[in-house]
Amino acid sequence: MWKKTIQEYGAVGDGKTLNTAAIQAAIDACAEAGGGRVIIGDGEFVTGTLFLHSMVEIHLCANGRLLASTNGDDYPNFAPKTWDADKAPRHSSRCLIYAECASHIAITGTGTIDCQGAAFCEYTPEDRFWRRKTTELPARMVHFYNCENVLLSDFSMLEMAGGWAFWINGCRYVNCTRLKVRCNQHYPNSDGIHINCSSDVTVSDCSIICGDDCLIVRANTNTHAEKRACERVSVTGCHFSSLSNAIRIGWTNDYKIQNCVFSDCTVTDSWRGISIEFPKKGPEPFADQGEDFTEVRNLTFSNIMMDRIDEMPLQILVYPYNQVKEICNIRFDKIVADCGMYPVFLGMEGAEVRDITLSDCRFTLHRDSKEPISGCTVERVNRLAVNGTVFDREV
């Protein structure tokens with residue numbers, strides 16, 4: 001098997017030299033040789049956008065560190081081969097590592113990808129808020145589009161700023177395991193793993209602490225020529241912490257999301273726990289809203305422990321003017337949550353929200369919560385089953 005270090009292609013790990021050309025040369029040589037492993041050895045290697053090819057693995061050694069360039073010009077808004085970047089969120093293809101229509105690709109090893117988020121964000125004292133300094137920054141750090149047989153394992157992703165850590169978009173047979181994602185939680189749009197229109201995806205034993213949603217499952221078909229469901233996603237053994245949602249399912253006018261399992265996870269210090277939400281639309285469309293009729297069906301959430309949740313541990317929210325056909329067969333089993341509000345299930349006239357089951361769950365409100373002790377809020381939901389579930393309040 002082809003196996004060489006990026007240093008053999010001229011990369012310098014001094015934390016200052018721009019190594020994009022050298023690292024890309026190593027990736028290209030590996031692909032031309034039929035595939036193998038490109039090794040990020042000891043050192044700190046600054047880079048801009050890299051393009052990964054079929055049969056190529058980027059391997060980060062324990063002391064190997066990829067540093068995202070702090071120069072926005074090093075992330076070109078390139079023209080993808082098979083989709084329109086203007087239809088992507090932020091109307092941009094900018095990213096750090098990209099693969100399109102590739103198979104048997106991987107990023108592995110116990111090293112680090114440091115996105116150097118502090119260079120792209122700033123705190124504004126007048127409104128006490130963090131903002132992006134520029135739009136010329138990666139909208140996604142790792143973006144795989146229409147790829148098959150993908151492995152992401154063991155490395156750390158640090159300090160995403162204004163960009164998602166991973167966008168798994170239209171892919172099949174993806175394994176994300178033992179990843180560690182960490183960033184300043186006040187950075188905007190710092191999502192963790194975003195799974196869109198993909199199938200047969202496994203996320204296991206990952207730890208994600210970020211400012212925006214930790215794990216997203218969506219079916220936004222805007223970047224796809226054909227309608228593609230997001231299905232057969234399995235998430236297990238993970239820890240999530242977010243100033244937004246720990247797990248988010250869906251968004252405005254997504255397509256089909258179905259047959260997914262989330263189990264044996266922990267959620268701490270988050271605004272909300274599990275959110276299936278189709279929100280209100282403002283005067284202008286959301287940048288990432290779809291154009292489809294939405295179906296969400298056959299989702300199971302089980303054995304999930306939540307602690308210090310500010311608001312709802314569980315919610316299903318469908319606001320007017322969404323194109324929701326149905327949300328059905330959603331099961332919550334053995335969910336234990338210390339929270340600020342009870343679960344909320346809110347449907348919409350003309351949209352089927354049915355067969356929602358809570359089994360052996362316990363929701364305990366904080367002592368200082370103002371929520372009345374009346375159990376979950378339910379409106380326009382057909383067939384809500386509550387079995388062995390306790391709604392209580394600390395005293």
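Ile-316 stands opposite Phe-345 in strand 31. Three bridges join strand 29 (residues 314-318) to strand 31 (residues 344-346), and the two run parallel. Strands here are DSSP runs of E with at least two residues, numbered from the N terminus, and two strands pair if DSSP finds at least two bridges between them. Before we go on, please note that this is a predicted model, where local features need pLDDT of at least 70, side-chain atom pairs count only at pLDDT 80 or more, and totals for chains, interfaces and linings use all residues. Residues are numbered from 1 along each chain as its sequence is written, and side-chain values use heavy atoms, with hydrogens and water left out.

**Sheets and their partners**

As background, strands of a sheet pair through backbone hydrogen bonds, either parallel or antiparallel.

Strand 14 (residues 148-153) runs parallel to strand 17 (residues 172-177), and five bridges join them. Leu-152 has Cys-176 in strand 17 as its bridge partner. Strand 17 is also joined by five bridges to strand 20 (residues 199-204), again in parallel. There, the bridge partner of Cys-176 is Val-203 in strand 20.

A nonpolar core is a set of buried Ala, Val, Leu, Ile, Met, Phe, Trp, Tyr and Cys residues joined through side-chain atoms within 4.5 Å. Buried means under 20% relative accessible area, exposed means over 50%, and partly exposed lies in between (1.4 Å probe, protein chains only). In soluble globular proteins, nonpolar side chains tend to be buried together.

Which members of the largest nonpolar core touch the most other members? They are Phe-144, Phe-240, Phe-301 and Phe-332, out of 108 residues in this core. Strand 30 (residues 324-339) gives the most to this core, with seven residues. Another core of nine residues lies apart from it, and its members include Phe-78, Cys-95, Trp-164 and Trp-167.

Let us visit Phe-301 itself, using contact to mean heavy atoms within 4.5 Å. Leaving aside neighbours within four places in sequence, Phe-301 is in contact with residues including Ile-247, Ile-249, Phe-262, Ile-330 and Phe-332.

**Cysteines**

A disulfide is a pair of cysteine sulfur atoms within 2.5 Å, and the structure holds zero of them. For Cys-95, the nearest cysteine sulfur is that of Cys-147, 11 Å away. Cys-95 counts as buried because its relative accessibility is 1%. For Cys-176, the nearest cysteine sulfur belongs to Cys-206, 6.3 Å away. Cys-176 is also buried, with a relative accessible area of 1%.

| Residue | Relative accessible area | Class |
|---|---|---|
| Glu-44 | 36% | partly exposed |
| Cys-121 | 4% | buried |
| Asp-154 | 18% | buried |
| Ser-207 | 15% | buried |
| Arg-308 | 40% | partly exposed |

Glu-44 is found in strand 4 (residues 43-47). Glu-44 and Gly-13 are 31 residues apart in sequence, and their C-alpha atoms are 4.5 Å apart in space. Not counting residues up to four places away in sequence, Glu-44 touches Val-12, Gly-13, Asp-14, Gly-15, Arg-65 and Leu-67.

Ser-207 lies in strand 21 (residues 207-210). Beyond its neighbours within four places in sequence, Ser-207 is in contact with Leu-179, Lys-180, Val-181, Arg-182 and His-239.

Asp-154 sits in the loop between strand 14 and strand 15 (156-158). Phi of Asp-154 is near 75 degrees, a positive value in a residue other than glycine. Arg-308, in strand 28 (residues 294-309), has a positive phi of about 60 degrees although it is not a glycine.

**The largest pocket**

A pocket is found on a 1 Å grid over the protein atoms alone, as an open set of points where a 1.4 Å probe fits, with protein on both sides within 12 Å along at least five of seven lines; lining residues have an atom within 4 Å of a point. The largest pocket is lined by 20 residues, and Asn-189, Asp-212, Arg-248, Trp-251 and Asp-288 lie nearest its centre. Strand 25 (245-249) and strand 27 (272-278) each supply at least two residues of this lining.

Definitions and conventions. Helices (H or I, at least four residues) and strands (E, at least two) are DSSP runs, numbered from the N terminus.
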